[in-house]
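Reader: Hi, could you walk me through this model? I'd like to go from single contacts to the bigger picture.

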Amino acid sequence: MTLSAPIPAAACGCDCPELVARLMPVDEALAAGLALAQPVDGREEVCLRAARGRVLAQPVTARSDMPRFDNSGMDGYALRLADLPASSALPVSGVCAAGGGLAALEPGTMMRIYTGAHVPRGADTVVMQEHVERSGDMARIIHLPEAGSNIRRRGEDQRQGDEVLAAGHLLDARKLAICAGAGLGTVSVSRKPKIGLLLTGDEICPAGQDVDGGEIWDVNTPMLTALCEEAGADIAAIRHVPDNPAELHAALAGIADEMDMIVTSGGVSVGDRDHLKPVLTSLGARIAVSGVAMKPGKPVTISRLGGAVIVSLPGNPVSAFVTWHLLGRPILGRLSGLAEAGTPRRLVRTRSRIVHKPGRCEYRPASIVGTDEAGLEIVSCGARTHSARLSPLAQSDGVVLITGDTACVEAGGRLEFLPF
Ligand code: AMP
Ligand code: MG
């Protein structure tokens, strides 16, 4: 079941009550972030082969009826039922194959016909070959179908000029099939939004290099690059910046003009080494979201600087992943021109008891482990959310939402699941 209601506002007493007034519920943060984003200008015409994952910028209309002509849905024999004598046998006068032209049925005969072939003029029914006994040039029908059977009628799927796909759809295999079925070889798609990735942290070292002292491998660059590209963006710049306000200022100012979106990682909390928010303020960024009542991801910040929406994710990889999934990705969807920018959700049951500290709502990685007798999926999740542990995230299929006012969900209790 997919829920259409908005994510309930976290009944947030937060972990620390004084903070509550400063943290925004997730749905408000998403609305405020989306309000900063306009679909990018610019479209391009691409061939269908290159269009997967792109957003359709112009509606698709059918170039002709589909099917274009009455054709056989089966391998069999075409005839006019009224011609059939009591013996149910008729001579076979010819063959109609897919790709051939329109033939005319000689009265008092049948024609051999193959799937997709024009139904010959004068025929009103196709009998499947399994219901026909063939003997030389004669064929006898052993099971009479209803008149009109096994004929795919011209225009029964779509009519010439029908709008078969609206602008704003993400082009996947099924949507591309619609485009091809409408007779299009190319489609008009929105330009890919340009994203600048900005990774902060003195401790960050590119994965693959040797680490020393307090260094750690940079998990977020490959993770966020994959997430952004998966969501149809073009990674136009990647900057690694130490925890230094001047360098952060220069790096942000240096790319803001060229990007539709900047995704930052780390340095957005309130520690002395977290310089992002003061730098955004000094650059004159319009900060719409500064802290969200969610766990993980409390410090997430969303702002706009010039033409770029800046989504600032916490440095912990699990927090960055979850906040991207809930906030960053829908905002990118809006920039890409997607008509539907929400995060899909459905109801599931928890296999075991979930305990939660009331306050912020929590998105806990969970895996689907089965279904109950009514078909509702059953999920399993850890005893708590670890914002820096990668393995529970890697093993999960999505996150469950534990609302802010929840202290405990008993085993078998229902809650929302947001698949990755
Ligand atoms: P921060 O949000 O900068 O306070 O970082 C929170 C935690 O995430 C710290 O333990 C950082 O070392 C870690 N972290 C920050 N950036 C990354 C990254 N790119 N890859 C992996 N861990 C990171
Ligand atoms: Mg940091």
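Predicted model: local features only at pLDDT ≥ 70, side-chain atom pairs only at ≥ 80, totals over all residues.

Reader: Is Asp 372 buried or exposed? And where does Asp 372 lie?

Author: Asp 372 is buried, at 10% relative accessible area (buried is under 20%, exposed over 50%, partly exposed in between, with a 1.4 Å probe and protein chains only). Asp 372 sits in the loop between β24 and β25 (377–381); helices (H or I, at least four residues) and strands (E, at least two) are DSSP runs, numbered from the N terminus.

Reader: Great. How many residues has the largest nonpolar core?

Author: That core has 43 residues, and Ile 195, Met 261 and Met 294 are among those with the most contacts inside it. A nonpolar core here is a set of buried Ala, Val, Leu, Ile, Met, Phe, Trp, Tyr and Cys residues joined through side-chain atoms within 4.5 Å.

Reader: Which element gives the most to this core?

Author: That is α6, with ten residues. There is also a second, separate core of 19 residues, including Val 241 and Leu 252.

Reader: Back to Met 294: what does Met 294 touch?

Author: Leaving out residues up to four places away in sequence, the partners of Met 294 include Val 26, Leu 327 and Tyr 363, where contact means heavy atoms within 4.5 Å. Met 294 lies in strand β19 (residues 294–295) and is buried because its relative accessibility is 0%.

Reader: New topic, the open sheet of six strands. What is the strand order?

Author: The order is β16-β13-β17-β21-β20-β18, with mixed pairing; two strands pair if DSSP finds at least two bridges between them. β16 (234–241) and β18 (286–290) are the edge strands. Inside the sheet, β17 and β21 run parallel and are joined by five bridges.

Reader: Which strands does helix α4 lie across?

Author: Helix α4 (residues 245–256) lies across β13, β16, β17, β20 and β21, at about 175° to β13. Axes are lines fitted to C-alpha atoms, for helices over the stretch in contact, and angles run from 0 to 180 degrees between N-to-C directions.

Reader: Last one: how many salt bridges does a search of the whole structure find?

Author: The search finds 14, a salt bridge being a side-chain nitrogen of Lys or Arg within 4 Å of a carboxyl oxygen of Asp or Glu. One of them joins Arg 191 to Asp 260, with the closest N and O atoms 3.0 Å apart. Arg 191 is in the loop between β12 (186–190) and β13 and Asp 260 in the loop between α4 and β17, so this pair ties together parts 69 residues apart in sequence. Asp 65, Arg 154 and Arg 159 are also linked in a network of salt bridges.

Key. Residues numbered from 1 in each chain as written. Chains lettered and ligands numbered in written order. Heavy atoms only, no water.
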